[in-house]
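I opened the model to look up pockets, packing and surface. My entries follow.

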Amino acid sequence: MLDSLLAYPQALLGPLWPVVWTLVKIMLIVAPLMLCVAYLTLWERKLIGYMQIRKGPNRVTFFGIRWLGGWAQPIADGLKLLVKEVIIPAGSNKILFVLAPVMALGPALAAWAVIPFSPELILSNIDAGLLYLMAMTSLGVYGIIIAGWASNSKYAFLGSLRSAAQIVSYEIAMGFSLVGVLMASQSLNLAEIVKAQQNSAGVFGWFWLPLFPLFITYLISGVAETNRAPFDVAEGESEIVGFHVEYSGMTFAVFSLAEYSAMILISTLTAIMFLGGWLSPFPVSWGVIGTGGFGWLFAKIFFVASLFLWFRATFPRYRYDQIMRLGWKVFIPVTLVWIVVLGAWMQTPLWVWWK
């Protein structure tokens with residue numbers, strides 16, 4: 001049916017059709033993603049409010065409709081930041097100062113090009129999707145470093161170096177965790193990684209079970225990678241100010257967009273690599289409830305993203321030395337040891353997952 005609907009615009013645009021259709025698919029990914037980013041902030045404030053026995057945002061509404069109280073809060077926050085003055089320090093590198101937030105947000109958006117939402121819904125189904133993801137997510141650190149340096153502020157520069165060191169440290173543990181996924185699935189293609197978790201065992205056939213230490217390491221490293229609590233040293237004003245201390249208005253808002261976009265991206269990757277992606281947690285033999293689809297992927301993303309918010313409401317901020325010790329002396333050794341264990345396990349009859 002979709003092919004018949006697209007036949008007329010395809011004939012009308014001729015050789016321009018592939019470019020136009022690709023741009024349309026990009027917008028169909030980016031627009032809902034930005035909406036999810038906006039309302040993730042509302043869910044964060046509501047969930048933390050529930051945990052602390054308070055209501056959270058419940059006043060800002062659409063056209064006075066009372067039962068929508070609080071739902072317009074993300075829109076109001078965005079408009080507030082939009083009308084605020086963007087102050088650029090006199091001694092800063094003005095081009096890099098404005099470019100840094102874009103460099104932080106860009107990789108978090110570009111990574112979605114290879115995310116499989118279902119067997120049919122994927123923008124670019126490339127064989128080296130996992131390598132592409134690792135390359136894109138590693139570029140976000142440049143936005144943080146440039147933001148601190150371009151501000152021409154010693155405080156912002158020190159804050160950017162500290163945040164960059166944290167991100168680089170936990171990227172190593174995340175990379176080793178993905179090596180385990182590569183070994184278990186025998187593929188770099190994200191859609192194939194999901195299909196490798198499809199079997200009659202349902203939820204117990206997903207990679208979270210044989211790769212449990214790598215799953216936990218990847219999830220916690222993802223929290224540190226996005227500078228979220230309890231790893232939010234970029235916001236530790238009692239120690240040193242963060243890399244974005246000189247930013248205001250929409251330039252600051254773009255950094256916030258980058259953080260929440262990265263949260264959703266890490267949640268999506270966790271769901272795809274370890275939690276079966278679009279697969280149902282129930283065996284296929286159960287009938288309709290056992291069939292997969294985008295709804296299951298969205299539910300898993302929502303669950304993992306809610307864990308990010310739960311951590312913020314529960315744990316106090318770590319000291320910087322504790323953060324670095326956890327990354328270098330705990331997570332990296334654990335991932336290396338489990339990769340060796342996994343390699344030996346896969347050579348025995350006890351390995352009952354993807355062969």
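I started with the second largest pocket: H2 gives the largest share of its lining, 12 residues. Helices here are DSSP runs of H or I, at least four residues, numbered from the N terminus. I noted that H2, H10 and helix H11 (294–314) each supply at least two lining residues. The pocket holds about 960 Å³ of space. Of its 30 lining residues, Pro32, Leu33, Cys36, Phe117 and Phe294 are the closest to the centre. A pocket, on a 1 Å grid over the protein atoms alone, is an open set of points where a 1.4 Å probe fits, with protein on both sides within 12 Å along at least five of seven lines; lining residues have an atom within 4 Å of a point. The volume is the space filled by probe spheres set on the points.

A note on the source: this is a predicted model, where local features need pLDDT of at least 70, side-chain atom pairs count only at pLDDT 80 or more, and totals for chains, interfaces and linings use all residues. Residues are numbered from 1 along each chain as its sequence is written, and side-chain values use heavy atoms, with hydrogens and water left out.

Next, H10. I looked up threonine 270, which lies in this helix. Threonine 270 counts as buried because its relative accessible area is 0% (buried is under 20%, exposed over 50%, partly exposed in between; 1.4 Å probe, protein chains only). Not counting residues up to four places away in sequence, threonine 270 touches Phe215, Tyr218, Leu219, Leu275 and Val304 (contact means heavy atoms within 4.5 Å).

In H11 I checked tryptophan 296. Tryptophan 296 is partly exposed, at 26% relative accessibility. Its C-alpha atom is separated by 35 Å from that of lysine 80, 216 residues apart along the chain.

Then H6 (residues 140–150). Eight of its 11 residues are buried. Among them are Gly140, Val141, Ile144 and Ala150. The buried residues of H6 pack against helix H4 (94–110), helix H5 (129–138), helix H7 (154–185) and H10 (249–274). Just after H6, asparagine 152 takes a positive phi of about 60°.

Last, the surface. Which residues make the nonpolar surface patch of about 340 Å²? I found Leu16, Val20, Val24 and Leu28. Such patches need over 30% relative accessible area and no salt bridge, with nonpolar side chains joined within 5 Å. Valine 24 is found in H2 (residues 17–51). I logged valine 24 as partly exposed, with a relative accessible area of 34%.

How values were computed: Patch = residues over 30% accessible without salt bridge, like charges linked within 9 Å, V, L, I, M, F, W, Y side chains within 5 Å. Areas by Shrake-Rupley, 256 points an atom, 1.4 Å probe, with all protein chains shown as cover. Salt bridge = Lys/Arg side-chain N within 4 Å of Asp/Glu carboxyl O.
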